[in-house]
Amino acid sequence: MTAIFLISMLFGLLCGQATSFCIPTEYMMHVERQECDYCLTINTTICAGYCMTRDINGKQFLPKYALSQDVCTYGDFIYKTVEIPGCPRHVSPYFSFPIAVSCKCGKCNTDYSDCVHEIIKTNYCTKPQQSYLVGVSI
């Protein structure tokens, strides 16, 4: 019985190391425009998590396709457009953002993703807040 337990534990650890944990995750972002009276707080989903990566010492001897630098990125997504309240007539009050439906490990596509690995330090409001849940305005 102990041998079966140890073999199953070893198998679980090996499979756990090979599995990626890239999933849609709840995220709160703050959107404001200088000309508008309010900041809009949006609850949405983004892709976040861990992807297996290989970076070996002999990379100068290997072709690029042999190296793997995958990131957690959007598999399927939809765009939602919201209206920022309190904008004057000459300013467009609309803001569009992606909502993660599914995620995958792959190359970062700069057409629709921000591929920078730095912490966003400006994700806060400087004006009075209005909340917006995806699908419902509060």
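In the predicted model, C22 and C72 form a disulfide with their sulfur atoms 2.0 Å apart. This pair joins distant parts of the chain, since C22 lies in strand 1 (residues 21–32) and C72 in strand 5 (residues 71–83), 50 residues apart. The angle about the S-S bond is 85°, and the link of C22 and C72 is right-handed. Both C22 and C72 are buried.

C36 and C87 are bonded with a sulfur separation of 1.9 Å, and their link is right-handed, with 100° about the S-S bond. C36 is buried, at a relative accessible area of 2%. The sulfur atoms of C51 and C105 are 2.2 Å apart, and this link is left-handed, with -85° about the S-S bond. C51 is buried, with a relative accessible area of 7%, whereas C105 counts as partly exposed at 28% relative accessibility.

The structure also contains 3 aromatic pairs. The ring centres of F77 and Y79 are 5.6 Å apart and their planes meet at 85°, so the pair is edge-to-face. Together with Y74, F77 and Y79 form one aromatic cluster. The rings of F95 and F97 are stacked, because their planes lie at 20°, with centres 6.2 Å apart. F95 is partly exposed at 22% relative accessibility, whereas F97 is buried at 2%.

Notes:
Residues are numbered from 1 along each chain as its sequence is written. This is a predicted model: local features need pLDDT of at least 70, side-chain atom pairs count only at pLDDT 80 or more; totals for chains, interfaces and linings use all residues. Side-chain values use heavy atoms; hydrogens and water are left out. Rings of Phe, Tyr and Trp (its six-membered ring) pair if their centres lie within 6.5 Å; planes under 30 degrees apart count as stacked, over 60 as edge-to-face and the rest as tilted. Buried means under 20% relative accessible area, exposed over 50%, partly exposed in between (1.4 Å probe, protein chains only). A disulfide is a pair of cysteine sulfur atoms within 2.5 Å. Helices (H or I, at least four residues) and strands (E, at least two) are DSSP runs, numbered from the N terminus.
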